[in-house]
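Me: I'd like to learn how to read a helical model. Can you walk me through one?

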Amino acid sequence: MVGPLELAANVFTALAIVLAGRNNVHTWWTGIVGCTLFGILYADNRLYADVVLQGFFVATSVLGWWKWARGDHGEPLPITHATGRNLLWIVPAGVLAMAAYGTLLHLTTNAYAPFFDSAVLVFSIIGQILMMQRRVENWPFWVLVNTIAVPLYYSRGLVLTSVLYAGFWINAVVSWLNWRRLARAHGKRPEAGLATSPTHSS
């Protein structure tokens, strides 16, 4: 049975994800509310890496909200691509971090499915950082995260949450295509560094 906590967490998080796909700045405050509620929910289900992840999301959502609203030297923060060079180290670093944190959880806690839970944590962090910079490549990382999260949450009896993340998977694919179109419309080539600015249409 779906409890009120899971329902509220899903509603706010769904709204945040849809707004992100639409490149809307209100994705951040709705995400803060949803992540706070999910943090409580995951703690109750021994998904400890996800609890840490929700705390990370809350902190970076505050920063992302400020960064998107502030823009780039008075101009809207544009959507751009991450460089291939950055992606070449980000992916293997993510795999190593997932293995290390999964091992830590496995050896020191009673965490459920620690390696899958850690994969959700690590690749969500990468996706969030790229989203804060308005990088198109944040979306394929969310596709990966949602692919792992759907069966993970379903296996813990969080049926509504697993259905929501299946919807997030579709949203990530659609948003990926939309952000690619916005990046092309902006007409910028990829710039070096994760912190290089990406386009604000909200």
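Reply: Let's go from the overall fold to the core, and then to one helix.
This is a predicted model, where local features need pLDDT of at least 70, side-chain atom pairs count only at pLDDT 80 or more, and totals for chains, interfaces and linings use all residues. Residues are numbered from 1 along each chain as its sequence is written, and side-chain values use heavy atoms, with hydrogens and water left out.

Me: How many helices and strands does the protein have?

Reply: Helices (H or I, at least four residues) and strands (E, at least two) are DSSP runs, numbered from the N terminus. Here you get seven helices and zero strands.

Me: Which residues have the most contacts inside the largest nonpolar core?

Reply: A nonpolar core is a set of buried Ala, Val, Leu, Ile, Met, Phe, Trp, Tyr and Cys residues joined through side-chain atoms within 4.5 Å. Buried means under 20% relative accessible area (1.4 Å probe, protein chains only). The largest core has 46 residues, and Val 120, Met 131, Tyr 153 and Trp 179 have the most contacts inside it. Helices H1 through H7 each supply at least two of its residues.

Me: What does the buried part of H7 pack against?

Reply: Contact means heavy atoms within 4.5 Å. The buried residues of H7 pack against H1, H2, H3, H5 and H6. Trp 179, one of those buried in H7, touches Trp 68, Met 131 and Trp 139, among others.

Me: How far apart are the end C-alpha atoms of H7?

Reply: The expected span is 1.5 Å times one less than the number of residues. For the 28 residues of H7 that gives 40 Å, and the end C-alpha atoms are 40 Å apart, which agrees. Just after H7, Gly 187 takes a positive phi of about 75°.

Definitions and conventions:
Buried means under 20% relative accessible area, exposed over 50%, partly exposed in between (1.4 Å probe, protein chains only). Lists of a residue's contacts leave out its neighbours within four places in sequence.
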